[in-house]
Amino acid sequence: MCIPARNEEAMLPALFAALAALRVDGAKLEACLYLDDCRDGSVALVDRLGPTLPFRLHVARGGRDAVPNAGAARRAALAMGLSVLAGREGLLFTTDADSTPQRDWIAAGRRGLSQAEVVAGRIQRVDAASDPQQSRIEHYYDRLHRYRRAIDPVPWEARDTHHFGGGANIAIRASAYRALGGFLPIPSGEDARLLDDAARAGLRVRRDAAMIVETSSRRQGRIGGGLAGQLLALDQGEPPRMADPRGAAWQWRAQAAARHSFAMIDRVDRRIALGERLGLSADHVLGVARDCPNAEAFAMRIVPAPAVHSGQVSLSDAEDLLTELESRWCEIAA
């Protein structure tokens, strides 16, 4: 387990308690805690509690006087995990210091990683009932992702799937993490970038709602662009804007077509048909396919951003448009 922490003295005891309660089914459990420029009492607390924990805790300190950078901190935490493995294969789990994994977190992640190289688990907010607008947004995105897998199914996806891919709940094979080069040291969005890079590399990315971490609903985040900022914006009455789901639907249908075409990419008629759909030449299609190890990588690389319905709409409009898309798909499937 690899966990970055920045001034989380108040949250660390709950995290340690949750980690101590994990059911590991005989697995060797080691936790790597990266204390990122902590100015509170985190260091003293870890020094006091560390020796009493029922698992081995590795601690590193860094980032003195550094600007908060979620990607750099998570990358440093995962580097600790790789160091513990010392070149061996293993399973790397990451969460946040203000979050608490459920007891079967490791077991659920191991099951997911038997089907995929990367698993993004569900992140539940402890005080979700007090943020109905955010819950509505999350419900919409879950519906949207289920629609994606209806029109572009993959065998490694979880039956109980979801949309989110946050660093507070990701498990990955060490070999896959090494191959990807790790989390990028960017201020925010390092989690989504890793999942995107994994899919473009042809790795199987599974979004599994059985692997659960609970997180806080605080409004004072450690970095910009995170959940705290989104909740604060909703509190201030900022209306949420969503990408038009019709654009996503176009992209996912195209990815399904590309996935299906990959095995027959040597056929000129297949390349021409796919190229016409995507606005690309048949030679370009073949060139991309030759650089891809499998159909997943090809589907993720060859399909461009949506050429239609590329704007944003209100949440209500997005929900209505998705309902229409779902209805049309049900009619086709029937």
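Does asparagine 169 count as buried or exposed, and at what relative accessibility? At 0% relative accessibility, asparagine 169 counts as buried, where buried means under 20% relative accessible area, exposed over 50% and partly exposed in between, with a 1.4 Å probe and protein chains only.

The model is predicted, so local features need pLDDT of at least 70 and side-chain atom pairs count only at pLDDT 80 or more, whereas totals for chains, interfaces and linings use all residues. Residues are numbered from 1 along each chain as its sequence is written, and side-chain values use heavy atoms, with hydrogens and water left out.

**View 1. Surroundings of asparagine 169.** Asparagine 169 lies in the loop between helix H5 (132–151) and strand E7 (170–173); helices (H or I, at least four residues) and strands (E, at least two) are DSSP runs, numbered from the N terminus. Its side chain reaches the backbone oxygen of arginine 122 at 2.9 Å. Leaving aside residues up to four places away in sequence, asparagine 169 touches Thr94, Thr95, Trp105, Val119, Ala120, Gly121, Arg122, Ile123, Met211, Ile212 and Val213, a contact being heavy atoms within 4.5 Å. Asparagine 169 and methionine 211 are 42 residues apart in sequence, and their C-alpha atoms are 7.9 Å apart in space.

**View 2. Aspartate 152 and arginine 259.** Aspartate 152 is also found in the loop between H5 and E7. With a relative accessible area of 2%, aspartate 152 is buried. Its side chain makes a polar contact with the side chain of arginine 259 at 2.9 Å. A polar contact is a pair of N or O atoms within 3.5 Å; within protein, one must be able to donate a hydrogen and the other to accept it, and residues adjacent in sequence count only if both atoms are side-chain atoms. Beyond four places in sequence, aspartate 152 touches Trp252, Gln255, Ala256 and Arg259.

**View 3. Cysteine 2 and cysteine 32.** A search of the whole structure finds zero disulfides, a disulfide being a pair of cysteine sulfur atoms within 2.5 Å. Cysteine 2 is in no disulfide, and the nearest cysteine sulfur, that of cysteine 32, is 4.8 Å away. That distance is too far for a bond. Cysteine 2 is buried at a relative accessible area of 1%, and cysteine 32 counts as buried at 3%.

**View 4. Helix H12.** Six of the eight residues of helix H12 (residues 295–302) are buried: Glu296, Ala297, Phe298, Ala299, Met300 and Ile302. These buried residues pack against H5, helix H7 (190–200), helix H9 (245–261), helix H10 (268–278) and helix H11 (282–290). At the start of H12, a side-chain oxygen of asparagine 294 reaches to within 3.3 Å of the backbone nitrogen of glutamate 296.

**View 5. The second largest pocket.** About 380 Å³ of space lies in this pocket. Strand E2 (30–36), helix H3 (70–85), strand E4 (91–94) and helix H4 (105–113) each give two or more residues to its lining. The lining has 17 residues, and Lys28, Leu29, Glu30, Leu85 and Leu91 lie nearest the centre. On a 1 Å grid over the protein atoms alone, a pocket is an open set of points with protein on both sides within 12 Å along at least five of seven lines, a cavity is a set where a 1.4 Å probe fits but cannot get out, and lining residues have an atom within 4 Å of a point. Grid points are joined across faces, edges and corners, and a volume is the space filled by probe spheres set on the points.
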